2 protein chains.
Amino acid sequence: MHARSRTLKIADIKVSCSNCSLSELCLPHGMSHDDMDELDKIVKRQQPYQPGQHIFRAGDRGQSLFAVRSGALKSYCTTEDGDEQVLGFTLPGEVVGLDGMNDGSYASSSVVLETSSVCELPYDRLEEMCHLLPGLNRQMMRVISKEISSDQGMLLLLGKRTAEDRLAAFLLSMSSRYHSRGLSPTEFNLPMSRQDIGNYLGLAIETVSRLFANFQKNQLLTVNRRQIVLTGLPRLRAMVEGCAGSKR
Amino acid sequence: MHARSRTLKIADIKVSCSNCSLSELCLPHGMSHDDMDELDKIVKRQQPYQPGQHIFRAGDRGQSLFAVRSGALKSYCTTEDGDEQVLGFTLPGEVVGLDGMNDGSYASSSVVLETSSVCELPYDRLEEMCHLLPGLNRQMMRVISKEISSDQGMLLLLGKRTAEDRLAAFLLSMSSRYHSRGLSPTEFNLPMSRQDIGNYLGLAIETVSRLFANFQKNQLLTVNRRQIVLTGLPRLRAMVEGCAGSKR
DNA sequence: CGGAAAGTTGACGCGGGTCAAGGAATGTGG
DNA sequence: CCACATTCCTTGACCCGCGTCAACTTTCCG
């Protein structure tokens, strides 16, 4: 529990903000090397998390932001009557825990889908830091604002779009996010189950499954369980054309 | 356009953050009087806006947050093919424009529903201010974090809930927001049309209309166009029980 | 008074949820 | 290595909630 900062410990894995390949997706974006070294000092790095482990749960009093370095997370919350709503998925370079800043406890839970390494950034340290580094403050606002725009894009999707549009938009979002971290925009493995996709998009898992089948029949992609190859990117884009934000 | 700060102009309406009745809903919450006076200096106050006027439009390069003092706003964005998605409604004490911090231009538009007075807070001044007043920084984070939680609550609503649940949740949200600004939680006038409600909740306006009729038949409320009297608050609550956030 | 916008109400049909059965991949113990 | 369970995914049949279309009423505003 609560591994202390291990920046200078034995077997130092040479991980720091300034050499992290994700830095330009992450908070350090646009910061000088010196500033990054500063930021680096407040980051707690921990042993990798295993699938099924929680980063935090709704209601926890933890006081940190978490940046994902590798792997994938799922954010969700549960209603009193037990069922869960998936709020989103977090890929490397993205951040979770913003919703804990409100009253000091998280409003949602965050669980690991694939073995992940994660950087913990305590709010209070981050806040001090923001005073010293105006660039960091601005970048945080950007991340937050993006989060809001992204959620609002989802509102549009859930409120107005057909099941088909939703899945297309979801796939495009995954594609562009993989692309921006240097991976193929057309071939990737989804880290989440049909269950999670359906839940996230407000669809039954049967519908998701049928849609994957349809898309494949219409030459938009080939799918084998979680392995996806997008073969009709332009046509997918045409389907969701008009869906505001490009999502993250 | 762009009226300059009129804090000290003639007919000074004696409006300042420190005597604003909404201060505890707004950014100054928890700030000292001196700090409020500081904040007050950067607030630009303008002539009241009339219904139909825009505070800002998606794509505008404006660089400010806006706090509503009286009246009501609607936030929305439009898709390329012309139709609009209502993202939310802003009541006194609430803030719009957070989504402009990302890249300096707004992702959504904000239009006035009822004659409204609005305080403009330029980002850059606000940012300076945050350095001087840690309390303000924290309060801003709180406002932002609330916004995110609120959007996520909507995601749950749109993804999982029936039309009935959605309208009930909407009414409860309005009720509690009116309540927290000192008005009756059971009797109020909706500032928006059925069109807007339907759009916001992802429902056809006919459905909204029918639901209002049903609710009335079931003694949950009485409704006359935009005039609402909630007569079955507990039963309304029971309907949406399990819907995460209380919304704002 | 007239024309438009807002709201209501009824009839109808489809998108997608639900239920049910079965297949494919992965794990588990013998 | 194989039987067996479990989880994940797929596919088909049915049906209902809510969107769509249409007609009408009420309110608003010049």
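Predicted model: local features only at pLDDT ≥ 70, side-chain atom pairs only at ≥ 80, totals over all residues.
Let me start with how the two protein chains are related. If we take chain B and turn it by 180°, with a shift of 0.0 Å along the axis, it can be laid on chain A with an RMSD of 0.0 Å. The two copies are thus related as by a two-fold rotation axis. The contact between them fits with that description, since the same surface serves both copies, and 100% of the contact residues of chain B recur in chain A.

Now to that contact itself, which takes 37 residues from chain A and 37 residues from chain B. Looking at the side of chain B that touches chain A, the elements giving two or more residues are strand β4 (84-90) and the helices α2 (123-132) and α3 (134-160) of chain B. Which of these gives the largest share? That is α3(B), from which 17 residues come. In terms of residue class, this side of chain B divides into 14 nonpolar, 13 polar and 10 charged residues.

The most comes from α6(B), with 6 residues, and the surface as a whole divides into 7 nonpolar, 5 polar and 7 charged residues.

At least two residues each are supplied here by α5 (194-201) and α6 (205-217) of chain A and by α4 (163-180) and α6 (205-217) of chain B. This time α6(A) gives the most, with 6 residues, and by class the surface near DNA strand D has 7 nonpolar, 6 polar and 7 charged residues.

In chain A, 3 strands form an open sheet in the order β7-β9-β8, with antiparallel pairing. The edge strands, each pairing on one side only, are β7 (187-189) and β8 (221-224) of chain A, and neighbouring strands of this sheet are turned by 15° against each other on average, with direction ignored. Between β8(A) and β9 (residues 227-230) of chain A there are 4 bridges, and V223(A) stands opposite I228(A) in β9(A).

Chain B has an open sheet of 3 strands in the order β7-β9-β8, again antiparallel. Its strands β8 (residues 221-224) and β9 (residues 227-230) pair over 4 bridges, where the bridge partner of V223(B) is I228(B) and that of T222(B) is V229(B). What do β8(B) and β9(B) form? They form a hairpin with 2 residues between them, and R225(B), in the turn, has a positive phi of about 50°.

How values were computed:
Residues numbered from 1 in each chain as written. Chains lettered and ligands numbered in written order. Nonpolar A, V, L, I, M, F, W, Y, C, P; charged D, E, K, R; others polar. Contact = placed C-beta atoms within 7 Å. Pairing = 2+ DSSP bridges. Axes fitted to C-alpha atoms, helices over the stretch in contact; angles between N-to-C directions. Least-squares fit on C-alpha atoms with pLDDT ≥ 70 in both.
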